[in-house]
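Here is a brief report on one protein model.

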Amino acid sequence: KREIKVRKLDSTKVQPLKSEQLLHIEDHDFALRPGFGGSPIPVGIDVQVESIDSISEVDMDFTMTLYLRHYWKDERLSFRSNKNKSMTFDGRLIKKIWVPDVFFVHSKRSFIHDTTVENIMLRVYPDGNVLFSLRITVSAMCFMDFSRFPLDTQNCSLELESYAYNEDDLMLYWKHGNKSLSTDEQISLSQFFIEEFSASSGLAFYSSTGWYNRLFINFALRRHILFFVLQSYFPAMLMVMLSWVSFWIDRRAVPARVSLGITTVLTMSTIMTGLSASMPQVSYIKAVDVYLWISFLFVFLSVIEYAAVNYLTTIEERKQLKKRGKVSGMYSMDAAQAMAFDGCFHDTDVDMDLSPFPDPCEENETRASQTNISNEDTPRLRRRRSLKGNVGRIILQNNHVIDTYSRIIFPSVYIVFNFFYWGLYM
């Protein structure tokens, strides 16, 4: 009797909790799976996706918060209940019983929410059926293809698998088939439309350990195009059209046409650099690269076009001056050089008496040589009257034939390219 009394008063012994006594936890070895040595234990899974927190193109991953629920039967946890009611526990009982060791394949980081306590629920039914629920945030890899970016659709998947138990010991399956995957209706992303969520299953083979059941949470994401239209496509279109203004500027206005061409080229380079900085450094060409590089080529060709026009114009003027005997030794200057020195327009192709634009240099010489004011005003009035009628003829005479063709060819080819591009990728 004394020995029995001493054992009851021994404070070093930890008395089992009432719930543990009811579940007979101390009477079983829960290090082994249910039905050890027999057929594989079926473990049903269902998932409720709470949110998709982020999609990263640079890191090629996504972050998702979800409720992960496991269903299985462990007869060792069965208990008597007159009202056939289940018992619910928190995470403290998890370490003392057997639970499936499901993990996320290709996950980079994950955690169980623990505010204010760990978000874990364990519900045990009298017949031994168990519901094990977790609230988890997981970041996993998504193998993205950017060949159609930003007109692309990305297919990502979150994969679940048992780490220790292969198909001979544990069989993972979707508890309710395709209805095992549910989502919150308020899920939305800033850059993507969520087209669909679907559940599927398969097998994974490892040479060292064998075959494992694997479950897939598949979802398709279609990218919003409006942001990239406003940030990349539309500015590129404007720069290409702005480069066409050069074809309507006088061919001898070298500073105006050169500065316009260089400005559009640099602006296109800035657009391309800004877009590539926010994208992964992939080794293949993206759809947006095709559009921006073709647009850059159009802008660059407009600069080359004026270089050809200026070169051919200089050659033509030199030939005309030689025919008229205006070139004399080392002191001879062509029209372009004269304009560079005195800032005056010298066009040998236009009769200055019929031109509606007064030459400032000749006008200064006329004012110095003439003493009669009335005689000076007469040709100026005649030139002003003929201004409206001869503007079109003078513009055509002062533009090269290459400029005339460029006004038609460049816009036509660019419109055809846009139709082909959007028809191919949309």
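Leaving aside residues up to four places away in sequence, M121 touches T88, F89, L131, F132 and S133. The model is predicted. M121 belongs to strand 6, which covers residues 120-124. Its relative accessible area is 24%. D90 is 31 residues from M121 in sequence, yet the two C-alpha atoms are 5.0 Å apart.

**Helix packing**

| Helix pair | Axes come within | Crossing angle |
|---|---|---|
| Helix 3 and helix 4 | 9 Å | roughly 165° |
| Helix 3 and helix 10 | 11 Å | roughly 165° |
| Helix 5 and helix 10 | 12 Å | roughly 175° |

Take helix 3 and helix 4. Helix 3 spans residues 226-244 and helix 4 spans residues 254-277. Their axes cross at roughly 165°, so helix 3 runs roughly antiparallel to helix 4. The crossing is left-handed. Helix 3 contributes F228, S232, P235, A236, M239, L242 and S243 to the contact. Helix 4 answers with L260, T264, T267, M268, I271 and L275. By class, this contact of helix 3 with helix 4 counts 9 nonpolar and 4 polar residues, with no charged ones.

T267 sits in helix 4. Is T267 buried or exposed, or does it fall in between? T267 counts as partly exposed, because its relative accessibility is 26% and the buried class stops at under 20%. Between T267 and A236 the C-alpha separation is 8.6 Å, and along the chain they are 31 residues apart.

Helix 3 also packs against helix 10, which covers residues 401-425. The axes of helix 3 and helix 10 come within 11 Å and cross at roughly 165°. Helix 3 is therefore roughly antiparallel to helix 10. This crossing is right-handed. On the helix 3 side, the contact uses Y233, A236, M237, V240 and W244. On the helix 10 side, it uses F410, P411, Y414, N418, Y421 and W422. The contact of helix 3 with helix 10 holds 10 nonpolar residues, 1 polar residue and no charged residues. A236 of helix 3 is listed in the contact with helix 4 and in the contact with helix 10.

Helix 10 meets helix 5 as well. Helix 5 runs over residues 287-323. Its axis comes within 12 Å of that of helix 10, and the two cross at roughly 175°. Helix 5 is thus roughly antiparallel to helix 10. In helix 5, the contact residues are A287, V288, V290, Y291, I294, S295, F298, L301, S302, E305, V309 and L312. Their partners in helix 10 are I402, D403, S406, F410, V413, Y414, F417, N418, Y421, W422 and Y425. Which classes make up the contact of helix 5 with helix 10? There are 17 nonpolar, 4 polar and 2 charged residues.

**The chain as a whole**

The protein chain has 10 helices and 12 strands. It has 426 residues, and 38% of them count as buried. Among contacts between residues at least 6 apart in sequence, 77% join residues at least 24 apart. The accessible surface of the chain is about 25700 Å². Carbon and sulfur atoms account for 58% of that surface.

How values were computed:
Residues numbered from 1 in each chain as written. Predicted model: local features only at pLDDT ≥ 70, side-chain atom pairs only at ≥ 80, totals over all residues. Heavy atoms only, no water. Axes fitted to C-alpha atoms, helices over the stretch in contact; angles between N-to-C directions. Helix = DSSP H or I, 4+ residues; strand = E, 2+ residues; numbered from the N terminus. Parallel < 35°, antiparallel > 145°, perpendicular 65-115°, else oblique. Left-handed = near helix turned anticlockwise from the far one by under 90°. Contact = heavy atoms within 4.5 Å. Nonpolar A, V, L, I, M, F, W, Y, C, P; charged D, E, K, R; others polar. Buried < 20%, exposed > 50% of the residue type's maximum accessible area, 1.4 Å probe, protein only. Areas by Shrake-Rupley, 256 points an atom, 1.4 Å probe, with all protein chains shown as cover.
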